[in-house]
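Dear colleague,

I am handing over the structure we talked about, and the sequence and coordinates follow directly below. After them you will find my notes on what was found, which I would ask you to read with the model open beside you.

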Amino acid sequence: MIEENDWGLNWMQTPWIVWGLVPFLAVNIGFWGTAIPLELILNKLMQDDSSFWNKWFHLIEYGNQKNRRQELAECRAQISLAHQAKVSLMQMCGPTAIIGAVTAGYLLPLWMPAVERTMPTLAQFTLQMIIMEIVGDFSLYWGHRVQHSSQYLWENFHSKHHQLGTPSALSAACIDGIDATLQASIPMLLAGLSARAHPVSFWGHCFFRVSQNVVHHCGMTSPLLSILFFKYLPGRADNNFHDYHHRYSNYQGQARNYGEYFTLWDELFGTASNLDKLKMK
Ligand SMILES: [Zn+2]
Ligand SMILES: [Zn+2]
């Protein structure tokens with residue numbers, strides 16, 4: 001039943017705010033609110049072996065490779081962190097993000113149920129978040145895989161993101177706009193539509209999804225991150241799953257680890273790397 005004279009509810013029944021503007025803000029808060037602290041922590045780890053942060057965060061390294069500090073320095077000599085931040089700002093606030101927000105603002109209200117309560121119940125919120133996480137990653141898997149399969153998509157779009165062989169948090173949005181549309185905007189829209197989510201759940205998904213995307217590029221593993229992002233649950237992909245993709249799947253053709261949030265799709269479709277190898281560090 002619609003609650004009359006409820007300021008919060010009136011506000012939530014304005015489609016372009018609920019499905020366009022607030023998701024845009026949630027995505028930006030998720031990105032910058034995660035990327036900036038993780039870059040600062042990584043910077044500490046780069047400088048000092050004995051800092052407080054070394055107890056809680058560990059650089060991802062692969063047995064026979066040079067150490068990550070050196071590789072990160074080499075990667076940033078080619079694509080500086082300042083440039084990565086500039087491209088990220090363009091992707092998070094520029095044309096791709098605005099087109100995504102406007103599309104969501106028009107498209108989602110056509111299918112979403114009317115908002116009758118300012119907040120979902122805890123059970124609704126949890127169920128909708130789980131559905132969106134699963135549908136979003138399934139869609140990301142194919143949005144990513146198709147760009148390795150197609151020479152055109154690889155050469156014109158996805159190869160730009162793969163220039164970052166040793167990524168860090170800000171690298172997550174250092175990506176072409178078409179790539180971001182295929183791997184982020186469309187998956188988020190499909191996730192919201194599939195769950196027929198309450199706006200609050202959808203905002204939560206936008207924030208949580210982008211925040212995780214940053215974590216998957218941060219180049220570190222950490223028990224704190226694993227707890228915060230539910231990485232200990234079965235089937236969840238840890239940060240090294242996507243890091244491995246950057247390191248060993250930097251080519252057009254059949255690659256490994258297309259998914260980011262779950263290992264399920266790669267296991268199901270035969271594209272997972274040997275997961276034991278990922279436990280190197
Ligand atoms: Zn890729
Ligand atoms: Zn990536």
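**Notes on the model**

F138 counts as buried, because 20 C-beta neighbours lie inside 10 Å of it. This residue, in what is a predicted model throughout, is found in helix α6, and although F138 and L164 are 26 residues apart in sequence, their C-alpha atoms are 24 Å apart in space.

**The chain as a whole**

The protein chain has 12 helices and 2 strands, which, read along the sequence, follow the pattern α-α-β-α-α-α-α-α-α-α-β-α-α-α. Along its principal axes the C-alpha trace spans about 65 × 45 × 35 Å. For 281 residues a compact globule would have a radius of gyration near 19 Å, and the protein chain, with 19 Å, agrees with that. Of the 281 residues, 44% are buried; and among contacts with a separation of 6 or more, 73% are made by residues 24 or more positions apart.

**Annotated regions**

The UniProt record, an unreviewed entry, lists residues 16-42 and 89-111 under "transmembrane region". In the model, residues 16-42 are 100% helix and 0% strand, with end C-alpha atoms 37 Å apart, whereas residues 89-111 are 96% helix and 0% strand, with end C-alpha atoms 31 Å apart. The record, again an unreviewed entry, also places the feature "domain: Fatty acid hydroxylase" at residues 130-271. That span is 62% helix and 1% strand, and its end C-alpha atoms lie 23 Å apart.

**The nonpolar cores**

Which residues have the most contacts inside the largest nonpolar core? They are F31, A35, A169, C206 and V214, in a core of 51 residues. At least two residues of this core come from each of α2 (15-47), α3 (68-78), α5 (95-111), α6 (122-149), α8 (177-195) and α9 (199-215), and α2 gives the most, with 12 residues. Apart from this core lies another, of 11 residues, which includes L140, F241, Y244 and A255. To return to F31, if residues up to four places away in sequence are left aside, F31 touches M92, A173, V210 and V214.

**Q91 in helix α4**

Q91 has its place in helix α4 (residues 81-93), and counts as buried because it has 21 C-beta neighbours inside 10 Å. Not counting residues up to four places away in sequence, Q91 touches T96, A97, A173, I175, G177 and A180. Q91 and T181, although 90 residues apart in sequence, are 10.0 Å apart in space, C-alpha to C-alpha.

**The two sides of α3**

In α3 the residues R68, L72 and C75 are buried. Seen down the axis of this helix, its buried residues fall within an arc of 65°, so they line one face of α3. An α-helix has 3.6 residues a turn, so residues three or four places apart point the same way. On the other side of α3, Q70, A73, E74 and A77 are exposed, while α2 and β1 (58-59) are included in what covers the buried residues.

**Two loop residues with positive phi**

Most residues other than glycine have a negative phi, and two positions in the model are worth a look with that in mind. F230, although it is not a glycine, has a positive phi of about 55°; F230 lies in the loop between α10 (223-228) and α11 (239-248). N257, likewise not a glycine, has a positive phi of about 60°, and N257 is found in the loop between α11 and α12 (264-268). Are these two residues buried or exposed? F230 is exposed, because 12 other C-beta atoms lie within 10 Å, where the cut-off for exposed is 12 or fewer. N257, by contrast, counts as buried, because it has 26 C-beta neighbours inside 10 Å.

With best regards

Note on methods: Residues numbered from 1 in each chain as written. Chains lettered and ligands numbered in written order. Predicted model: local features only at pLDDT ≥ 70, side-chain atom pairs only at ≥ 80, totals over all residues. UniProt positions renumbered as here; feature names shortened; annotations may be inferred. Helix = DSSP H or I, 4+ residues; strand = E, 2+ residues; numbered from the N terminus. Core = buried A, V, L, I, M, F, W, Y, C linked by C-beta atoms within 7 Å. Contact = placed C-beta atoms within 7 Å. Rg over C-alpha atoms; globule rule 2.2 N^0.38 Å. Arc of directions from axis to C-beta.
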